2 protein chains.
Amino acid sequence: MTNRIKTRADCQTLDQNDPLAPLRCLFDLPPGVIYLDGNSLGARPHAALQRAQQVIQQEWGKDLIRSWNKAGWFELPSRLGNKLAPLIGAAENEVVVTDSTSINLFKLLAAALQIQAAKPDAASRKVIVTERDNFPTDIYMAQGLTEWLDRGYRIHLIDTPQELSTAVNAETAILMLTHVNYRSGHLHDMQAVTRAAQEQGALVLWDLAHSAGAVPLDLHAANADFAVGCTYKYINGGPGAPAFAWIAPRHHAQFRQPLSGWWGHRAPFTMQPTFAPAEGIRRALCGTQPIVSLAMVECGLDIFAQTDMQAVRRKSLALTDLFIALVESRCAGLGLTLVTPRPHEQRGSHVSFTHAHGYAVMRELIARGVIGDYREPQVMRFGFTPLYTQFTDVWDAVDTLHRILADQDYEINAPQEAVT
Amino acid sequence: MTNRIKTRADCQTLDQNDPLAPLRCLFDLPPGVIYLDGNSLGARPHAALQRAQQVIQQEWGKDLIRSWNKAGWFELPSRLGNKLAPLIGAAENEVVVTDSTSINLFKLLAAALQIQAAKPDAASRKVIVTERDNFPTDIYMAQGLTEWLDRGYRIHLIDTPQELSTAVNAETAILMLTHVNYRSGHLHDMQAVTRAAQEQGALVLWDLAHSAGAVPLDLHAANADFAVGCTYKYINGGPGAPAFAWIAPRHHAQFRQPLSGWWGHRAPFTMQPTFAPAEGIRRALCGTQPIVSLAMVECGLDIFAQTDMQAVRRKSLALTDLFIALVESRCAGLGLTLVTPRPHEQRGSHVSFTHAHGYAVMRELIARGVIGDYREPQVMRFGFTPLYTQFTDVWDAVDTLHRILADQDYEINAPQEAVT
């Protein structure tokens, strides 16, 4: 298809024929902006404002403390978890929306280590394998956990996915991977990687931060052990919205985690002085949740209920294919190098190019209303979110990128600000 | 003063002369409700709705990803921490608003254990002392931490504050106390308890969940080591709003905690694969925060900026004195027993009575618009929040309580729902 797109009018035709096009109006998209950063912070569903107003005015303001029961605040982590489950190939009572991705990863990683420690070969199985290029907080949390446990666990950082086949072996306790790499957009084959690691006796923990709502996921089909993920990227839950945690049902009974707060207690309101874990997935909970931020996650999830992940994926691949093709044809010779893998089965829903002045170019793009983001080193990242990104957005973004590069119209020495 | 209050008109006079009375109009207080549960969930500042709308519509909706810098989202935990600091006798750059109380307690407790473990007598200093009657999640988190560390730490639960003098000794690593007991309202003498524990070589961690915004606090004058607390009770930050953590500056350099996520990194955007803690209090951070819930905390803090904690305390004691006196005179012989200590210096800002049918009586009170809450076993809890509780509210609440008890108009066998 991509080869037939020669003009902006061709993109308009694609938009007209896009079955997901009607969903775009459910989002607040500011005029004059082409938003290609939904992989970092999803755009706002219009409904989120109304939902927040309902929680703040009625549930908090009028019903006050009674809302813990009446509005179901206490059940929100599991109710939203059940609503999120279909997006990741999970079933009822396997997912909670709670805390941050970092904290959920800590809980699940701790539990996974404990499950492994109960096995006969525990003494020789002390390695957590992950990628040096994993999102840093995942590595930091594993470092924090293993240093505190001080039981000889070590973290083995691999530099390429190809190393997995040798790096994961009889010494591996846990393989912990981010399914879609935050920088390159590289997508692991979840099923094959999980199977190979499990054949070595490892447990597999997936971080779905850049996958949930971006690519079809089937944790059960992949026989994954644990997963965490983010709701404020492709799921459009709002800035810093609570993350999610999934535990394979076969691990529920043995699952224990050190952040054993009262929300994870079997009977939190009996006020017992001894912790006893709740049945099932609620044992992954810890303390009281930020209700307003949590409640808005539902608005993002409700939009996904109007489509399916196969349709989302079809459009995602069409958008990323088009972007790559247009950049490589129109910006040829202007210093851009594709970082993201070309094969569909190795790619998530964002595309990255390096450029020697990547930061300065991205700054200029943003100044002209094309919002992507920048990640060290030299990586310009463009996220494509099929619920609201149009094919004409792709055309216009490449047009702007081409003009900036062709005119060398960017400030090389611009002071560098943090870009979250 | 209390003895001179004989009629509702006397209470009206008190309200007319109350210097804090003008602050009440800053809150959304539903008509027909006497809200005596601000110790559990503070009432809504009117400004919170507008603040949430600003974050959702402008910062999220229009400015999108740029708000991390432009709206200062990334700095919110420390900026709000600085605004909260005066309420607890802390200084600039010593407080962050982040995560939940349970999780912050885990971080600080872990760091405190590590500081103690570096001392010469570490081998014989393995006990965490706390109260059996502490809020359960504090005990659960200590259990989670010590079981996972598996280094011989044990938790010693005392049954009365009087046991502190013998329970805290040369074997004590940490004394961890909630300053105002969640159920009884008992207030510890922070300065004396801290000094006595430190003389034994212990570090002292205070949970200020029921103190911050309720009683004057001076962590520096008390020479405390660590503190955590809640923003959704007396500080009126909103349901489940992120909690706070304070670390005495003398501990900043040694402070290390296992929840070492990217927000606690020295240079989070350089994407290094090795954790290096930020300077100062930001090393207590972990992952991305729920921005909408976090931002609303400022509205509660801004109201405190219009008064001072001495004025709040004066009114708090007047309200609780009046409530105790009226209940004991008007409801004499009706089965109520005061749980809360009478001396001012031993009392926070809520008052508890037991009744054999406490749950049923509280249920009936709530049905009649007097909202307190219930805690096992048999405890009816009434919170007095000087920013919006009136003296006539106290009169009317006791009036309703008296009628219910005198008429025995409550359903003893009502099915018991969880009350958060």
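**Figure 1. Pairing of β14(A) with β15(A) in the predicted model.** In this predicted model, β14(A) and strand β15 (residues 379-383) of chain A are joined by 3 bridges in the antiparallel sense, where strands are DSSP runs of E of at least two residues, helices are DSSP runs of H or I of at least four residues, both numbered from the N terminus, and two strands pair if DSSP finds at least two bridges between them. A:Asp373 stands opposite A:Arg381 in β15(A). Helix α10 (residues 309-330) of chain A packs on the sheet and touches β11, β12 (350-354) and β15 of chain A, its direction making about 20° with that of β12(A); touching implies contact, that is, heavy atoms within 4.5 Å, and angles run from 0 to 180 degrees between N-to-C directions of lines fitted to C-alpha atoms, for helices over the stretch in contact. Helix α11 (residues 358-367) of chain A lies across β14 and β15 of chain A, at about 35° to β15(A).

**Figure 2. The open sheet of 7 strands in chain A.** The strand order is β4-β10-β9-β8-β7-β5-β6 (chain A), with mixed pairing. Because β4 (95-97) and β6 (154-158) of chain A stand at the edges with a single partner strand each, one side of each is left without a neighbour in the sheet. The twist averages 15° from one strand to the next. Strands β8 (residues 203-207) and β9 (residues 226-229) of chain A run parallel and are joined by 3 bridges, with A:Trp206 opposite A:Ala227 in β9(A).

**Figure 3. Buried residues of helix α8 in chain B.** In α8 (residues 190-199) of chain B, the residues B:Met190, B:Val193, B:Thr194 and B:Ala197 are buried, meaning under 20% relative accessible area, whereas exposed is over 50% and partly exposed lies in between (1.4 Å probe, protein chains only). They cover an arc of only 100° around the axis, which puts them on the same side of α8(B); the arc is that of the directions from the helix axis to the C-beta atoms. The buried residues of α8(B) pack against α7 (164-167), β7 (172-178), β8 (203-207) and α9 (219-222) of chain B. B:Gly201, which follows α8(B), has a positive phi near 90°.

**Notes.** Residues are numbered from 1 along each chain as its sequence is written, and chains are lettered from A and ligands numbered from 1 in the order in which they are written. Local features need pLDDT of at least 70 and side-chain atom pairs count only at pLDDT 80 or more, while totals for chains, interfaces and linings use all residues, and side-chain values use heavy atoms, with hydrogens and water left out.
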